[in-house]
Amino acid sequence: MAKRNAVFICQNCGAVYNRWKGKCEACGEWNSVVEETSDATPMAGPAATRLSRKGRVFPMEGLAGSSKEPPRTPAQIGELDRVTGGGFVKGSVILIGGDPGIGKSTLLMQASAALAKAGERVAYISGEEAVGQVRLRAERLGLADAPVELAAQTNVEDIVATLSQGRTPALAVIDSIQTMWTEAVDSAPGTVTQVRASAQALIRFAKTTGTAVILVGHVTKDGQIAGPRVVEHMVDAVISFEGDNAHHFRIMRAVKNRFGPTDEIGVFEMTGKGLAEVGNPSALFLEGRDVAAPGTAVFAGMEGTRPLLVEVQALVAPSSLGTPRRAVVGWDPARLSMVVAVLEAHAGLKLGMHDIYLNIAGGLKITEPAADLAAAAALVSSLSGAPLPADAVFFGEIGLSGAVRPVSQAPTRMKEAAKLGFSSAVTPVGRGERGDASGLDAREIPHIGDLVGQVAA
Ligand code: TYD
Ligand code: MG
């Protein structure tokens with residue numbers, strides 16, 4: 001008989017305490033610490049037999065097939081395959097997180113249907129919706145004829161039993177992990193202990209059968225996959241599905257990926273018939289651009305291997321506050337402060353008494369330092385009231401000395417800009433291949449001070 005221990009677990013971050021606390025010391029969340037009973041040995045069965053077993057080690061170089069790519073099942077949805085690295089790896093577990101209503105269930109139903117139509121066994125387990133509701137959604141998506149196996153179950157033992165009968169499924173979708181519970185632990189469904197134990201059981205199922213398992217996870221208000229961060233450590237890949245309600249497109253990004261890249265993004269558009277792949281994201285992000293307005297610059301960025309053009313918008317206005325406002329959407333506020341400081345120190349701009357707002361159009365989040373130059377150009381343009389040349393793109397990192405530093409993959413960025421009808425680029429000096437094939441007129445600037453000249457000209 002397993003020993004029962006009362007423990008107190010933060011439902012937000014999974015921190016464990018031996019007594020109740022009003023505020024979690026680990027993540028700072030209030031009222032998130034809840035009493036749970038945990039078995040002293042959560043995996044009593046396997047643990048008991050483990051004692052009598054002997055460990056084995058394997059010589060790494062002798063492992064058959066270890067040098068090969070892992071076997072994958074492509075999802076038949078190009079943008080999803082791009083993010084996973086070419087499809088679902090057999091026996092791997094992927095956690096997909098995103099805000100409610102973002103389209104997780106929709107996308108996974110589309111992927112399930114595509115795989116099932118290709119002849120694979122696919123199971124879609126919904127713990128949130130009844131089978132009828134899931135079917136209704138499939139009907140709306142025009143996928144009601146796909147031979148996907150649907151079940152409305154929340155008990156992990158039942159699910160594993162169902163999936164273990166007959167042909168091994170290629171894919172099992174668990175929507176969502178927070179609704180699952182296992183008999184192995186006493187805690188209520190949705191608690192950290194339950195979610196962790198359920199995930200563990202499903203991961204064991206995936207590893208032993210070779211079924212790729214997708215766990216859907218809810219996201220908390222601060223953007224973390226809810227409650228158990230621990231699940232993120234247990235799975236092979238964590239994918240976040242982002243977007244906001246004001247825009248109809250959605251961006252998928254791998255936060256962690258044991259079998260593929262983490263810098264690729266997948267771009268989708270929510271339509272009346274589910275999520276459609278966006279083949280040319282740059283065109284989408286530049287849609288509705290006001291070329292005559294001061295304060296907007298087009299950044300030629302890279303997301304993984306794919307170039308992406310986005311509009312950087314800045315608004316610089318005299319402040320009526322003692323401490324001027326600085327607000328950023330879609331970019332790192334610390335980088336904005338840095339660019340502003342460099343513009344003041346090395347380009348002679350006076351921004352100290354101005355409110356500054358910076359926005360990446362379309363709800364995209366940019367992490368590349370290469371966006372510095374585009375942000376700086378947008379700021380200079382807004383301050384001076386002069387619009388930037390409508391046919392120019394910008395990229396380059398700005399150093400604290402004011403130097404404009406080279407960034408990677410300049411030719412790819414320029415080629416994408418040329419493809420979308422731009423005719424010039426403001427870039428760092430020495431982009432590598434000088435005579436690049438893009439045909440773009442490259443204006444190389446060595447120093448941030450030269451930008452002001454370029455913009456005013
Ligand atoms: P859903 O997949 O249920 O979101 P999640 O599982 O992430 O909570 O998506 C629900 C939203 O998607 C809902 O607001 C309606 C919208 N939607 C469409 O716009 N078109 C469609 O074809 C479908 C099925 C949903
Ligand atoms: Mg859902």
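Q: How many bridges join strand β15 (residues 296-303) to strand β16 (residues 306-318)?
A: This is a predicted model: local features need pLDDT of at least 70, side-chain atom pairs count only at pLDDT 80 or more, and totals for chains, interfaces and linings use all residues. Residues are numbered from 1 along each chain as its sequence is written, while chains are lettered from A and ligands numbered from 1 in the order in which they are written. Strands (E, at least two residues) and helices (H or I, at least four) are DSSP runs numbered from the N terminus, and two strands pair if DSSP finds at least two bridges between them. β15 and β16 run antiparallel, and the number of bridges joining them is eight.

Q: Which residue in the turn between β15 and β16 has a positive phi?
A: The two strands form a hairpin with two residues between them. A phi of about 70 degrees belongs to the turn residue Gly304.

Q: Which residue in β18 stands opposite Gln313?
A: β16 is joined antiparallel to strand β18 (residues 354-360) by seven bridges. Opposite Gln313, β18 places Asn359.

Q: Which strands stand at the edges of the open sheet of nine strands?
A: The pairing is mixed and the order is β8-β7-β9-β10-β6-β11-β12-β13-β14. Each edge strand has a single partner, so one side of each is left without a neighbour in the sheet. The edge strands are β8 (149-151) and β14 (274-277).

Q: What is the bridge partner of Ile251 in β13?
A: Strand β12 (residues 249-257) and strand β13 (residues 265-271) run antiparallel and are joined by five bridges. Within β13, the partner of Ile251 is Val267.

Q: At about what angle does helix α3 (residues 104-117) run to β9?
A: α3 lies across several strands, including β6 (93-98), β7 (122-126) and β9 (171-175). Axes are lines fitted to C-alpha atoms, for helices over the stretch in contact, and angles run from 0 to 180 degrees between N-to-C directions. By that convention, α3 runs to β9 at about 160 degrees.

Q: How many of the 14 residues of α3 are buried?
A: A residue is buried if 20 or more other C-beta atoms, placed from the backbone, lie within 10 Å of its own, exposed if 12 or fewer, and partly exposed in between. Among the buried residues of α3 are Lys104, Met109 and Leu115. α3 is largely enclosed by the rest of the structure, because the number buried is 12.

Q: Why do the buried residues of helix α9 (residues 333-346) lie on the same side, and what arc do they cover?
A: The buried residues are Arg335, Leu336, Val339, Val340, Val342 and Leu343, while the face turned away from them carries the exposed Pro333 and Ala334.

Q: What percentage of the 457 residues in the chain is buried?
A: The chain has 12 helices and 23 strands. Its buried residues make up 43%.

Conventions:
Two residues are in contact if their C-beta atoms, placed from the backbone, lie within 7 Å.
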